[in-house]
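Let's take a walk through this one together, starting with ring geometry and ending at a loop. Have the viewer open and follow along.

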Amino acid sequence: MTSPQAGAPKQVASAVASAPSTASSAPKSVQQLATTTLVVGVPCEVVGGPTSAAVVICKSDASLWEKGLLTLPSFFTSMAALILSFLAYKYNRAKDQRARKQSISDDFWLRKVVSPVAIEPFVKFVISLSSSLPSNKTSTEDTERFWTAGAASFGEFSASFFNLELISRDLHKEVEVLLEAMEDELSNYCGALQQYLKDSTQPIPDRGQTLSSLGKMSRDVMQAIAKFQANVGDD
């Protein structure tokens, strides 16, 4: 047997192999045992081998520090994901609160400022067109007065709807384009009607078609405002 090495742990693993007898060295009835003693500081395991040999594999146990090093990357990854989730929650909550406050402010401006100053006068004007829009039986002077008053009304609408700029520039731009289109439609009709009243050989402008076009564009104005207000409510 080999003696233990100095300073080695007191754990002994033995591997025993049976060597068959040979004719030249010993009788067949005698078996020689070859024994090897291993002194190691780690657990060992016999893997296997031929009848005359054994394979011993010794593996050291990883220390607690080494195991900790192996788990550090996943630990830091989990902590980073937790921190990011918390920050995302705080950001989304603050964003929702700001959006809610903005929605309340926008709804206030629409209901308390834009509606009484711009929307209500505009709706009344559009409704009155069905009865006040001049026809081919209207005098030239009355047609001229109507157009002068109508142009002044559209100037007032443009100024009052400018308050939409305080809420949404896109909404104000959309409404402004529609108001200009309505003013052009009314101007073209009144101009064509005056030409006819001065010269009956000129074509008579279509009053019904003009009223239909003005009505459609006025509904587009109201739909744009209503759509924006609905989105404000959803926020």
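How many aromatic pairs does a search of the whole structure find? Running it over this predicted model turns up 5 aromatic pairs.

Start with phenylalanine 125 and phenylalanine 157. Their ring centres sit 5.4 Å apart and their planes meet at 65°, which is over the 60-degree cut-off, so this pair counts as edge-to-face.

Phenylalanine 154 makes another edge-to-face pair with phenylalanine 157, at 5.9 Å centre to centre and 85° between the planes. Because they are 3 residues apart in helix 2, about one helical turn separates them. Phenylalanine 154 has a relative accessible area of 3%, so it is buried, and phenylalanine 157 counts as buried at 5%. Zoom out a bit and you'll find one aromatic cluster made up of Phe122, Phe125, Phe154, Phe157 and Phe161.

Next, move along to the loop between helix 2 (140–160) and helix 3 (169–198), where serine 168 lies. Is serine 168 buried or exposed? Its relative accessibility is 15%, so it counts as buried. The serine 168 side chain has polar contacts to look at, too: it reaches the backbone nitrogen of aspartate 170 at 3.5 Å, and that of leucine 171 at 3.2 Å.

Technical notes. Residues numbered from 1 in each chain as written. Predicted model: local features only at pLDDT ≥ 70, side-chain atom pairs only at ≥ 80, totals over all residues. Heavy atoms only, no water. Helix = DSSP H or I, 4+ residues; strand = E, 2+ residues; numbered from the N terminus. Buried < 20%, exposed > 50% of the residue type's maximum accessible area, 1.4 Å probe, protein only. Polar contact = N/O pair within 3.5 Å; in protein donor to acceptor, adjacent residues only side chain to side chain. Phe/Tyr/Trp six-rings, centres within 6.5 Å; stacked < 30°, edge-to-face > 60°.
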